[in-house]
Amino acid sequence: MILMKDVIREGHETLRKKAAEVTFPLSAENRQLGEDLLEFLINSQDPEIAEKYDLRSGIGIAAPQVNRSVRIFALYVPNDHGDMVEEIVVNPKIVSHSVELAYLPGGEGCLSVDRDVTGYVPRPQRITVKFFNLDGEEKKMRLKNLPAIAFQHELDHLNGVMFYDHINKDNPYFEVPNSHPLE
Ligand SMILES: O=CN(O)C[C@@H](CC1CCCC1)C(=O)N1NCCC[C@H]1C(=O)Nc1ccccn1
Ligand code: NI
């Protein structure tokens, strides 16, 4: 199982690399990696397991965060209806996005960042994405609000981008035009 000791922190060069696409059929280790990433999220949101193994709660985690520079991440995040978006995402692409932006009113954090970085991280509120599952089947999905923000935060990790790269330097709480805080 993935533990916090396996999560690399800012300053580690892998967090700034562009991760490589994976080919199908997946190698045994890439399939296991995808399963381990999702398992980490589920564990991290279980109070007993999280306390037992000292896990920081996560709604997403990307392979580069455990020092594997491949285009795989997992999501385990509630949508607006309270249903969990539970996905192992391989070779993702954003195919279209809204003009409207959204951001978490409390800003974003990251399991690879052991400090609070204040400021809004504006991202398209709605996205249409394409990716493959572990079996190489292509999936197309429309996401909005928290699942959309999480997907984009994880996709950033595959491109060596950290959430604070998006924060307006001059005014971290800059009310980005056409953007809405997620209530
Ligand atoms: O790359 C992946 N990571 O770095 C884990 C991050 C990913 C999320 C950050 C913003 C969007 C995706 C993560 O899940 N967190 N970051 C550290 C604090 C805890 C946790 C979090 O934001 N939880 C949360 C947020 C909103 C609602 C409910 N829970
Ligand atoms: Ni992160």
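**Exercise 1.** Is Tyr164 buried or exposed?

*Solution.* This is a predicted model. Start with the cut-off: buried means under 20% relative accessible area. Tyr164 has a relative accessible area of 18%. Therefore Tyr164 is buried.

**Exercise 2.** Work out how the rings of Phe163 and Tyr164 are arranged, then find the charge over Tyr164.

*Solution.* 
- Step one: take the distance. The two ring centres are 5.3 Å apart. Centres within 6.5 Å make a pair.
- Step two: take the angle. The planes of Phe163 and Tyr164 stand at 70 degrees. Over 60 degrees counts as edge-to-face. So this aromatic pair is edge-to-face.
- Step three: check the partner. Phe163 has 3% relative accessibility and counts as buried.
- Step four: look for a charge. The charged end of Arg115 sits over the ring of Tyr164, 5.0 Å from the ring centre.
- Step five: widen the view. The structure holds six aromatic pairs. Phe73, Phe131 and Phe151 form one aromatic cluster.

**Exercise 3.** Which protein atoms are donors of the nickel ion (ligand 2), and how are they spaced along the chain?

*Solution.* 
- Step one: list the donors. They are SG of Cys110, NE2 of His153 and NE2 of His157. They lie 2.1 to 2.4 Å from the nickel ion.
- Step two: read the spacing. The donors follow C-x42-H-x3-H.
- His153 and His157 belong to helix H3 (residues 146-158). They are four residues apart there, so about one helical turn separates them.
- Step four: check burial. His153 is buried at 10% relative accessible area. His157 is buried at 1%.

**Exercise 4.** Where does Gln125 lie, and which side chain does its own side chain meet in a polar contact?

*Solution.* 
- Step one: locate it. Gln125 is in the loop between strand S5 (123-124) and strand S6 (126-132).
- Step two: check burial. Gln125 has 16% relative accessibility and counts as buried.
- Step three: find the polar partner. The side chains of Gln125 and Asn145 make a polar contact at 2.9 Å.

**Exercise 5.** Describe the surroundings of Thr14.

*Solution.* 
- Step one: locate it. Thr14 is in the segment before helix H1 (28-44).
- Step two: check burial. Thr14 is buried, at 3% relative accessible area.
- Step three: list contacts. Beyond neighbours within four places in sequence, Thr14 is in contact with Ile8, Pro64, Asn67 and Ser69.
- Step four: pick out the polar one. The side chains of Thr14 and Asn67 make a polar contact at 2.6 Å.

Notes. Residues are numbered from 1 along each chain as its sequence is written. Chains are lettered from A and ligands numbered from 1 in the order in which they are written. This is a predicted model: local features need pLDDT of at least 70, side-chain atom pairs count only at pLDDT 80 or more; totals for chains, interfaces and linings use all residues. Side-chain values use heavy atoms; hydrogens and water are left out. Rings of Phe, Tyr and Trp (its six-membered ring) pair if their centres lie within 6.5 Å; planes under 30 degrees apart count as stacked, over 60 as edge-to-face and the rest as tilted. Buried means under 20% relative accessible area, exposed over 50%, partly exposed in between (1.4 Å probe, protein chains only). A charge sits over a ring if NZ of Lys or CZ of Arg is within 6 Å of the ring centre and within 35 degrees of the ring normal. Helices (H or I, at least four residues) and strands (E, at least two) are DSSP runs, numbered from the N terminus. A polar contact is a pair of N or O atoms within 3.5 Å; within protein, one must be able to donate a hydrogen and the other to accept it, and residues adjacent in sequence count only if both atoms are side-chain atoms. Donors are N, O and S atoms within 2.8 Å of the metal (3.2 Å for Na, K and Ca); water is not among the atoms, so sites may look incomplete. Contact means heavy atoms within 4.5 Å.
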